[in-house]
Structure formats: C-alpha cells, structure tokens
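The following note sets out numbered points for a colleague reading this structure. Each point may be checked against the sequence and the coordinates.

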Amino acid sequence: MGEVVVPTEDNSKHVLPLYLPPTPVPFQIITIKDTPGAAAGVSPPPQGVVNLSELESWLPLTESRNGSTFSAILHLLCSGIGFQALFLPVAFASLGWAWGIICLSIAFMWQLYTTWLLVNLHEPVPGIRCSRFVRMSILAFGPKLGKLLAIFPVMYLSGGSCVMLIITAGSSMEQLFNIICEEGTMCGSMSLSGTQWFLIFTCIALIIAQLFPNLNSIARVSLTGAITSIGYCTMVWALSISKGRPNDVSYGRPVADRTGMTGFGNILNAIGIIMLAFRGHNLILEIQGTLPSDSKHPSRKSMWRGVMVSYMIIAMCLFPLAIVGFWAYGNMIPEEGILTAFTKFHGQDTSKYVIGLIYIWLTISCITSYQIYAMPAFDNLEFIYASSKKRRCPGWVRAGIRLFFGGVTFFIAVAFPFLGKLAPLIGGMAAVPLTFVYPCFMWISVRKPRPKGAMWSLNLGVGSIGIVLSLLLIVAAVWKLDDKGLNANFFRP
C-alpha cells in the first residue's frame, strides 16, 4: 500500500492516517507521512507515492474548495432538516409541555456545541485539513480504535440515511398519487407497488447525482432542498394552527403510560426522537472541506458563520413544529408523526392540492438530501479506485460507482422496508454517539486541554453523559421492540 506525502508549513513530521467514510465495500487506509524533502520541495514524490493534495483534488468531497459561507449554509440546511422532525410532537406527547421544551432546548444547544467542536477541529495541524469524519476519528483515537468507533456510525449515517430517504420518499410519492388519483378515476386504477415507487425515486436521485461531480457543485441542489424542507415544515405547523384543534384534545397521559417500565421506556424513546431529529454531524467536516482556508482566513470562521445562520433557521423550523404539533393534536397524535395527524384530522376539509404540495416538497427534500448524504460514499468508492490506479476516476467509472451505490441502497430499501422501525435502536448505537459524544472526546485527545481545566472537565462530563444516554436509548429501543414486536416484512415494501 502506497504512502501519501503531505507538504506542511514547517519541517516537523506528522504521521496522520487518511481514511475515508465507509460504505458496504472493503475499506482501505492510506498512511500520510511528511518527509523533509517533500516539504522543502527538494524532489518529487518517489514512484508509487501519491501526493495528498493531488489525491484530494480527485475526490468528490475535496475536488473543489471554492465554496462560500452561503453554500455552507445551504448544505447545512439541506442535511440538517429532515423528515425526522415530523415526529417531534410524538416526543412531546410523552414528555409533556415543560419537559418537552426543556429536552428539545438542551438537545439543540448540545448538538450546536459539538458542531462548534468539529468546526474548530477541522484543521488540527497547520497545513493539514481533516475533511472526513473517519480521518478525524483516527487522528483522535488512533487507527484501531478510531476505525472501530467511527466506521459503523458513518456508514449508517451515509448509506443508511440514503436507504431511509428511499423508503420515506417512496411512501410519500405513493401518498401523493393516492391523493391526486382517487378511487374510481382512470389513473386510480394504475397504482404502483411500493418497490416500483422506490425504483422511481432511486432513478431520479441517480440521474441528478450524475450531473454534479462533487460536494461543492451541489450547492444549487442544496438550495432546492433547503427551500422545500423549510416549506413543508412551515406548511404543516401553519395549517395545523389555521385548522384548529380537533375535539377532545388532551395533554395528559394515562397513569399506566407514566409509571413503571412503560413510563420509563416512553420517556427514553421520546428523548431519542428529539436527539435523532438533529442530523448532519457526519457531514460537518466534509462541508467545511469545501471552503477555502489559509493562515489569514481560516475556514473555521466562515464555516461558523454558516453554522450560526443555518441553525437559527433550523430552530425556527423544529421548535414550532414540535410545539404547535403537540398543541394541535395532543395525545391524539399517531406514532407516524404530525403529517399523518394532519391528513387524518383535517384531510377532509383541506384541498387535496395543498396536501399534495406538502408531499411534493417532502419528496423533493428527500431527493436533494440523498445527494449530500451519498457524497461521502461516492468519495470513498472513488478513493479506492484512485489510490489503486494512481489516477483520477474517468467519467464512466464515476458514473458506474454512483449507479452501483444507488443499486445497493435500492436493494436494501426493498429488502428491509421496516428499517424505520429500527431507527431508534440503530440511532442509539450510531447517530447519538457521533453527534453528541465523539466530538467531546476528540477535542480532549487532539487539543489536549489542561487536565481538570474548564474545557477538559466540560467535554469529559458532556461526553460521559452522552455515553450513558446512548446506552439507555438502546435499552429502551430493545424494550419497545420486545413489547410491541416488529413486522419484518422482508421484500414487501
């Protein structure tokens, strides 16, 4: 396996591994070493050795570093607002008004803090940028532990998110078809199966993926995703207010649901719903990697400006959705979320074109989110080719890689259409640690703050709480699956 020569600003030696976000394919590691000769520009790299800057210029995540704060805002909005937000009122139904708002506020501030940590860890050594989460994990925790901790979460949050987007968008497209083509109409007799809806969505997503070679180039796609995500979130809670509350809405839960193991499990599952509503941390370093950076204008400044603007908008979407959703439907809200509740209670007195517009925006949001969540997988597959062939992927190879990944995600979506039921369990093992835990310990390992100092104690405490909470969420998810069962409808979407 070859080595990558990294030119740095001084003659000191840094040994850093380059490991790209994984996909369900064999993984490869390239060791990065700094050589004095290369740093001084004395001689070119030996034969068989790939220069890091050249290798990164071939890969989708770092092919273009001409991004801006505005493009970062678009990427953060597209990746940060998802269909998971539609389930927030369900969490409030278990937690109540006070604890629901408190938990949502704490989770929002917590993930904003870990985002700040990642933004400031992006350039841990002058001249070296960690534009991939797994590389940062290896740098912080070492090759073995870093891979062990980061491979599964990043794989799930990249490929697994794409699978969930196929399942969600396929269901949304089917609902849209049923709304427009009612029973008895000509098109109503032409309904498609779940597999066919999945296939239509995957084909649309892959066609778009072929048009944009790298992460920076999909800024226009992310703009569309940001607009549609904000649109359907706002429409759902605004229409819920305008239509008023159904009769007999209550906000108290039965005693049986508030006591014993049932009550404890409901509370933990509600906390899990809130924590899983915040997404995109596996893309923070990657998005920052599209921004230019130098000693006078480091990327962390422009990235943090983008984070502050985007997360203000995210908060303006999520908080009203949770609060208004619980106000409008109370404990009558179904487990499927606020959109299902709205169509159930107000579908008859709302224009089908208005409801159809919500589903259209949800579908478009899923298509655009697929592009940004698939990009780390595209990057890793192209990395395997580029590091073995020592050259950039030709256009036909890049197209084949994306078709291959799309086929894999489509197959998994068809084979496991019940994957959403396992989201709390897998999220507790993958999404929660990556979002709320790992950045804290990465800061301690990389920045090495003074032991028992403020930053050391804060990150140790927050990270430890996150570990305990992650374990409790896993236990609660297993208990819920055991209590209610799982309809494992393999290959029957």
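1. R220 is found in helix α8, which covers residues 219–243. In this predicted model, R220 has a relative accessibility of 60% and therefore counts as exposed, since the exposed class begins over 50%. Along the chain, R220 is 148 residues from T368, yet the C-alpha atoms of these two residues are separated by 9.6 Å.

2. A second pair of residues involves helix α13, in which V354 is found. The relative accessible area of V354 is 27%, so this residue is partly exposed. V354 and M235 are 119 residues apart along the chain, and 9.1 Å separates their C-alpha atoms.

3. Which residues line the largest cavity? The lining consists of G82, F83, L165, Y232, R279, L362, S365, C366 and S369. Helix α13 (residues 352–389) supplies the largest share of this lining, namely four residues. By class, the lining residues comprise five nonpolar, three polar and one charged. The volume of the largest cavity is about 30 Å³, and the structure holds one cavity of 30 Å³ or more.

4. The loop between α13 and α14 deserves a separate reading. K390 is found in this loop, and α14 spans 395–415. Phi of K390 is near 60°, which is a positive value in a residue other than glycine.

5. Is C393 buried or exposed? At a relative accessibility of 8%, C393 counts as buried, because the buried class is under 20%. In sequence, C393 is 335 residues away from W58, while the C-alpha to C-alpha separation in space is 7.4 Å.

6. On the matter of cysteines, how many disulfides are counted? The count comes to zero, where a disulfide would require a pair of cysteine sulfur atoms within 2.5 Å. C78 has a relative accessible area of 0% and is buried. C203, with a relative accessibility of 37%, counts as partly exposed.

7. A further loop residue is K421, which is found between α14 and α15, the latter helix covering 423–429. K421 has a relative accessible area of 56% and is therefore exposed. The separation of K421 from A488 is 67 residues in sequence and 9.3 Å in space, taken from C-alpha to C-alpha.

8. K452 lies in the loop between α16 (431–447) and α17 (454–484). Its phi is near 65°, again a positive value in a residue other than glycine. With a relative accessibility of 71%, K452 counts as exposed.

9. The last point concerns helix packing. Two packed helices are described by the angle between their axes and by the distance between those axes. The axes of helix α4 (residues 88–121) and helix α11 (residues 299–329) come within 11 Å of each other and cross at roughly 175°. Helix α4 is therefore roughly antiparallel to α11, because angles over 145 degrees are placed in that class. The contact of α4 with α11 has 23 nonpolar residues, six polar residues and one charged residue.

Key
Residues are numbered from 1 along each chain as its sequence is written. This is a predicted model: local features need pLDDT of at least 70, side-chain atom pairs count only at pLDDT 80 or more; totals for chains, interfaces and linings use all residues. Side-chain values use heavy atoms; hydrogens and water are left out. Axes are lines fitted to C-alpha atoms, for helices over the stretch in contact, and angles run from 0 to 180 degrees between N-to-C directions. Helices (H or I, at least four residues) and strands (E, at least two) are DSSP runs, numbered from the N terminus. Angles under 35 degrees count as roughly parallel, over 145 as roughly antiparallel, 65 to 115 as roughly perpendicular and the rest as oblique. Ala, Val, Leu, Ile, Met, Phe, Trp, Tyr, Cys and Pro count as nonpolar, Asp, Glu, Lys and Arg as charged, and the others, Gly among them, as polar. Buried means under 20% relative accessible area, exposed over 50%, partly exposed in between (1.4 Å probe, protein chains only). On a 1 Å grid over the protein atoms alone, a cavity is a set of points where a 1.4 Å probe fits but cannot get out, and a pocket is an open set with protein on both sides within 12 Å along at least five of seven lines; lining residues have an atom within 4 Å of a point. Grid points are joined across faces, edges and corners, and a volume is the space filled by probe spheres set on the points.
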